[in-house]
Amino acid sequence: MNDSKSQTINLRDRILGIEQKVPLLDGRLVSYVNLDNSASTPPLRDVMEALNRFLPYYSSVHRGTGFKSRLSTVAYDQAHEIIGRFVGADLDTNTVIFGKNTTEAINKLSYRMPLPDTSVILTTQLEHHSNDLPWRHRAKVVHIRATPEGRLDEDDFDRQLDKYAGRVALVAVTGASNVTGFLQPIHRLARKAHAAGAKILVDGAQLAPHRKIDMKPDDDPEHLDFVVLSAHKMYAPFGTGALIGPKEIFLQSGPEYSGGGVVDVVTLDEVYWAGMPDRDEAGSPNVVGAVAMAAAAKVLMQVGMDKIAAHEEELVVYSLERLKTVPGIKIYGESDPARASEKVGVIPFNLEGVSQFLVAAILGYEGGIGVRSGCFCAHPYVVHLLQLDDDETSTWREQMLSGDKSNMPGMVRMSFGCYNNTDDVDRLVETLERIVQGDYQGDYRLERRSGECIPANYQEPLADYFLLKGA
Ligand SMILES: Cc1ncc(COP(=O)(O)O)c(C=O)c1O
């Protein structure tokens, strides 16, 4: 596939920094290839333009009386509405709460969700730690198993829902895995959760940039009760995330985090909490981040999530076909191009006999390609996919706890944004082929404490590009 033949989209011109040259170890300059979009996406130019237009008017929101405050307040309120629309929420009954990111949103919900003492939360082995750890302090957490190739074991889901009948308060699942990209059957799980009297939270951090999210009407059995998002994974890296869910849940109690802006009335003895979303947005909000997030959501809606999904699926098919030709490669999760539609554009792999740290380092220093290596904040899932036995796992854990990451297991992950193309995949595959042949220059040293591979005797010329100090 090349982009001219592709029936889908080309959004490269709308990405800031797309042609940015970066230095390689040998001093050459090449255009940067970002295949680390699951971690964070670059900003859309449309977002930057919206901010450039907005920032001259930026001012305090809600309580300011000047023109700029009134304008900023309207922009901030509209940002709530746009994000609600982005996920198909009914804003008569649901609220959009802005915060820092998905992690903060899930932590907030873990404090705000009414949970009787005997509550069980069903989550899965596929989760990012952000949709697992915050629940552990609130209730009994049961992890639904993954199948050997890393899909959700839905039979286990049914069994556990049955086993804990009457106690399951929440099903907390990721919409798409940040390790394998597997899409979860969120609406089918919602139907089952509701039938069992539970609510469902969808961690939309990886879903939002790749697929349309539709919470569906509140009375639809497949309705998603809560959705959480991170703007920095949606081409708007300005420190915002959102939690969308029923107002009535939050109105039942006071916020976990209080201060300015969350009240209607305060006396020395009493507090009357504000309505939603003010009650749950303590302190001065990140108005700029919210405007940026909404501007990005508007672009994604205008381009069309279906077109983005189709483009990325073509890239996954192309990548799986190309990667399979690399000698000694092991692809985790789904490697059959015919099943590319079951995942978003995330492909984890390893090269036989070369540590994931070294592969990622060579791609970065000698290929100008950004990927990620390690366990991607999903240790239980990665250990499962790597099929490590208990002995291997406990040795590695002990070493990690003593501050030595050099034997940490893991993978290399390439992950697409809506703007990547087949040239990006070709650059990666060509560099992997060089690595397999031992055709690289750096004398890489593994730093035990960080697990990073760093080329010896190389002074990275960061100051020539950007540094705050010394400029
Ligand atoms: C599936 C998933 N959930 C949650 C998170 C946490 O997102 P954030 O770091 O923006 O809070 C991530 C981040 O990679 C993720 O991929």
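**View 1. Glu342 and its salt-bridge partner Arg151**. Glu342 counts as partly exposed because its relative accessible area is 26%, where buried means under 20%, exposed over 50% and partly exposed in between, with a 1.4 Å probe and protein chains only. Salt bridges that share partners join Glu342 with Glu149, Arg151, Glu334 and Arg339 into one network, a salt bridge being a side-chain nitrogen of Lys or Arg within 4 Å of a carboxyl oxygen of Asp or Glu. The side chains of Arg151 and Glu342 meet at 2.4 Å, N to O, and this pair links distant parts of the chain, 191 residues apart, with Arg151 in the loop between β6 (140-144) and α5 (154-163) and Glu342 in the loop between β13 (329-331) and β14 (346-351). Helices (H or I, at least four residues) and strands (E, at least two) are DSSP runs, numbered from the N terminus. The model is predicted, so local features need pLDDT of at least 70 and side-chain atom pairs count only at pLDDT 80 or more, whereas totals for chains, interfaces and linings use all residues. Residues are numbered from 1 along each chain as its sequence is written, and side-chain values use heavy atoms, with hydrogens and water left out.

**View 2. The salt bridge between Lys108 and Glu256**. The side chains of Lys108 and Glu256 meet at 2.9 Å, N to O, and the pair joins helix α3 (residues 102-112), which holds Lys108, to the loop between α7 (247-251) and β11 (263-266), which holds Glu256, across 148 residues. Lys108 is buried because its relative accessible area is 9%, whereas Glu256, at 32%, counts as partly exposed.

View 3. An N or O atom in the side chain of Ser230 is 2.6 Å from an oxygen atom of the ligand. Taken alone, the ligand exposes 390 Å², of which the protein buries 89%, with accessible areas from the Shrake-Rupley method and a 1.4 Å probe, and for residues only the protein chains shown counting as cover.

**View 4. Helix α8 (residues 287-303)**. This helix of 17 residues reaches 24 Å from its first C-alpha to its last, close to the 24 Å expected at 1.5 Å a residue, the expected span being 1.5 Å times one less than the number of residues. Of the 17 residues in α8, 14 are buried, and the helix is followed by Gly304, whose phi is positive, near 105°.

Key:
Polar contact = N/O pair within 3.5 Å; in protein donor to acceptor, adjacent residues only side chain to side chain.
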